[in-house]
Amino acid sequence: MSTAEVEASSLSALARAEAACTRCPLYRDATQVVPGEGPDQARLMVVGEQPGDKEDLAGRPFVGPAGRLFDAALAEAGIPRDAIFLTNAVKHFKFEQRGKRRLHKRPNAGEIRHCKWWLGQERKLVAPAVILAMGATAVQSLLGRAVSISSLRDRVGKLEDGTPMIATVHPSYLLRIRDSADREREHAAFVADLMRSWELAG
């Protein structure tokens, strides 16, 4: 059976199937797949964009600089990380080699579309009450089209199956803000988005 036909019965089986994925070319250069992690009955699913360098090496989502910022924001919001299901819209790291550094490259529409299969499998297995989409790639995967974060933020949308979705920025965006006042304001808004999604999930 090809990875395109897998209907996994558990998250562990899904992770094994993802590790064999060849649906798009990204698997060729990545170290390994980065499956989602968290409880199989989590009320809140958080969807990021794609693994970064540290995640690619560790095989776990959100363990790099953006992950540390995310963990701090979760703590501020009063959300235990082990109570949510945390994943990415794209499961392999896409990058451009610059000397010894691997610089993040944004997934294209085709890569997002091919990887949506796995996100859909995670959604079926976890059946979250609420999904928090962090970043434009996550939103594009969930909605099937490119939509700006600013047009969706501060309101609760609905996915095709009726699942409520809240859109917010990706933590990596906060890392790129130079001005301290702007960074503090955006960080507070991000924490508020986390709190809103957690409260909505009950």
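Angles of 65 to 115 degrees between axes count as roughly perpendicular. In this predicted model, the axes of helix H4 (residues 109-126) and helix H5 (residues 136-143) cross at roughly 70 degrees, so H4 and H5 are roughly perpendicular to each other.

**Helices H4 and H5**
- The two axes come within 9 Å.
- On the H4 side, the contact is made by Ala109, Ile112, Lys116, Leu119 and Arg123.
- Their partners in H5 are Thr137, Gln140, Ser141 and Leu142.
- By type, the residues of this contact comprise 4 nonpolar, 3 polar and 2 charged.

- In soluble globular proteins, nonpolar side chains tend to be buried together.

**Surroundings of Phe70**
- Phe70 has a relative accessibility of 0% and therefore counts as buried.
- Leaving aside neighbours within four places in sequence, Phe70 is in contact with Val46, Phe62, Arg81, Ile84, Leu86, Met134, Pro171, Phe190 and Leu194.

**Aromatic pairs**
- The model contains 2 aromatic pairs.
- In the pair of Phe62 and Phe70, the ring centres are 5.2 Å apart and the planes stand at 40 degrees, so the pair is tilted.
- Phe62 is buried, with a relative accessible area of 4%.

Technical notes:
Residues are numbered from 1 along each chain as its sequence is written. This is a predicted model: local features need pLDDT of at least 70, side-chain atom pairs count only at pLDDT 80 or more; totals for chains, interfaces and linings use all residues. Side-chain values use heavy atoms; hydrogens and water are left out. Axes are lines fitted to C-alpha atoms, for helices over the stretch in contact, and angles run from 0 to 180 degrees between N-to-C directions. Helices (H or I, at least four residues) and strands (E, at least two) are DSSP runs, numbered from the N terminus. Angles under 35 degrees count as roughly parallel, over 145 as roughly antiparallel, 65 to 115 as roughly perpendicular and the rest as oblique. Contact means heavy atoms within 4.5 Å. Ala, Val, Leu, Ile, Met, Phe, Trp, Tyr, Cys and Pro count as nonpolar, Asp, Glu, Lys and Arg as charged, and the others, Gly among them, as polar. Rings of Phe, Tyr and Trp (its six-membered ring) pair if their centres lie within 6.5 Å; planes under 30 degrees apart count as stacked, over 60 as edge-to-face and the rest as tilted. Buried means under 20% relative accessible area, exposed over 50%, partly exposed in between (1.4 Å probe, protein chains only).
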